[in-house]
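User: I have a structure open and would like to go through it piece by piece. Can we start with the strands?

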Amino acid sequence: MIEVRGLTKRYGGRVVVDDLTFTVAPGRVTGFLGPNGAGKSTTMRMILGLDAPASGSALVNGVPYARLTAPMREVGALLDPGALHPGRGARAHLAWLARAGGVGRARVEEVLDLVGLSEAAHRRVAEFSLGMRQRLGIAASLLGDPGVVMLDEPLNGLDPEGIVWLRSLLGGLAAQGRTVFVSSHLMNEMEATAGHVLVIGSGRLVADIGVAELTRRAAGAGVTVVAPRWAELLAALPPGSARADGRGGLTVTGLDAAAVGEAAARRGIALHELTTHRPRLEDAFMDLTRGGDGRRARAAAGSAADAGRPAAESTGGDR
Ligand SMILES: Nc1ncnc2c1ncn2[C@@H]1O[C@H](COP(=O)(O)OP(=O)(O)OP(=O)(O)O)[C@@H](O)[C@H]1O
């Protein structure tokens, strides 16, 4: 568990992290989203005690990072995949870290295998691609088998196969009950990875919400049904939840596909199509924040394409 309360950081009088308060819960992947320069890395560095806050606090498992008795076993972090000794081999790098953290040598082979670097473990880090460095950094973060895993932009440099691999790794870590906190400036890349998102813009928290909740609440979320007896189905659904689409089907909002399918089955109505529409995470976020401080929402979403949209309102959290 990570608990951040009123965390604030200034550089030369400029506020770059502005009174952030949030909790990163165990058992799920939490995405930490915002454009370049939003303050994600600075926040993560403060959680790890690498930067001192101007005010506020960050606790890991109830205590400041500096007070953890076995930090490597409690928190694993990837901050900068470039921070590696170029002349050292991957295995040697991990063995050095393991020694420093009091972790057994056998764990080095385990994490190399976990990140798919066993074959390349003898090669010098200087020969590694960015994706391989990311994998090595992730291996290092997992050395102590920590309950809290914090990765800063781990998707950078990964190819599509690597992204799929990372999603499954992170999902597995969360399913084991770990706290998994992952930053990215790419909202849509994170939507299949994170169950919950914290969105920041200009150092401020803009949204703290479940991904499913965010996309469910957005316009465009709904179910399309194609059924020859669509008029009967329309009459069977709660008033106002569906309308005829004029093409032999219904557009349903506020009910999920399961509820529509069950309602049809109860009346013996055959369905030719039942499709759930979920807006992409970035679109959902933009939609829900339209109406108030649009520039901030756009900045937080990292979207240049929405420059002409109306102003937006800040999204409420689901805490
Ligand atoms: N050591 C520093 N000195 C001065 N300003 C800094 C320092 N570190 C970060 N900043 C500034 O703080 C702001 C937040 O930077 P930060 O790296 O935390 O953002 P980020 O959301 O992680 O972005 P990115 O995705 O680019 O890493 C930026 O404006 C950055 O220029």
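User: Which residue in E2 does glutamate 3 stand opposite?

Analyst: Glutamate 3 stands opposite threonine 23 in E2. Keep in mind that this is a predicted model.

User: How many bridges pair E1 and E2, and in which sense?

Analyst: Seven bridges, and the sense is antiparallel. The hairpin of these two strands, E1 and E2, has two residues between the strands. Glycine 12 in that hairpin takes a positive phi near 55°.

User: And how many bridges join E1 to E4?

Analyst: Five bridges join strand E1, residues 2-11, to E4, and these strands run antiparallel. Isoleucine 2 has valine 60 in E4 as its bridge partner, and valine 4 stands opposite alanine 58 in E4.

User: In what order do the strands of the sheet come?

Analyst: The order is E2-E1-E4, three strands in an open sheet with antiparallel pairing. Strand E2 (14-24) and strand E4 (55-60) are at the edges with a single partner strand each, so one side of each has no neighbour in the sheet. From one strand to the next, the twist averages 20°.

User: What about side chains in a strand, where do they point?

Analyst: As a general rule, side chains in a regular strand alternate between the two faces of the sheet.

User: Which strands does H1 lie across?

Analyst: H1 lies across E1, E2 and E4, and runs at about 120° to E1. Helix H1 covers residues 40-47 and also gives the largest share of the shell around the ligand, three residues.

User: Which residues surround the ligand, then?

Analyst: The ligand is surrounded by Tyr11, Val16, Gly34, Asn36, Gly37, Ala38, Gly39, Lys40, Ser41, Thr42 and His185. By class, that shell has three nonpolar, seven polar and one charged residue.

User: Change of topic: helices. How do you describe two packed ones?

Analyst: By the angle between their axes and the distance between the axes.

User: OK, at what angle do H3 and H5 pack?

Analyst: H3 and helix H5 (residues 130-142) pack at about 25°, and their axes are 10 Å apart. Angles under 35 degrees count as roughly parallel, so H3 is roughly parallel to H5. The crossing of H3 past H5 is right-handed.

User: Which residues meet there?

Analyst: From H3, Ala90, His93, Leu94 and Leu97 meet Leu136, Ala139 and Ala140 of H5. This contact of H3 with H5 has six nonpolar residues, one polar and no charged.

User: And H3 with H4, at what angle do they cross?

Analyst: Helix H3 (residues 90-101) and helix H4 (residues 106-114) cross at roughly 130°, with axes that come within 9 Å. That angle makes H3 oblique to H4. H3 passes H4 in a right-handed crossing.

User: Which residues make that contact?

Analyst: On the H3 side, Ala90, Arg91, Leu94, Ala95 and Ala98. On the H4 side, Arg107, Val108, Val111 and Leu112. The contact of H3 with H4 divides into seven nonpolar, no polar and two charged residues.

How values were computed
Residues numbered from 1 in each chain as written. Predicted model: local features only at pLDDT ≥ 70, side-chain atom pairs only at ≥ 80, totals over all residues. Axes fitted to C-alpha atoms, helices over the stretch in contact; angles between N-to-C directions. Helix = DSSP H or I, 4+ residues; strand = E, 2+ residues; numbered from the N terminus. Parallel < 35°, antiparallel > 145°, perpendicular 65-115°, else oblique. Left-handed = near helix turned anticlockwise from the far one by under 90°. Contact = placed C-beta atoms within 7 Å. Nonpolar A, V, L, I, M, F, W, Y, C, P; charged D, E, K, R; others polar. Near = placed C-beta within 6 Å. Pairing = 2+ DSSP bridges.
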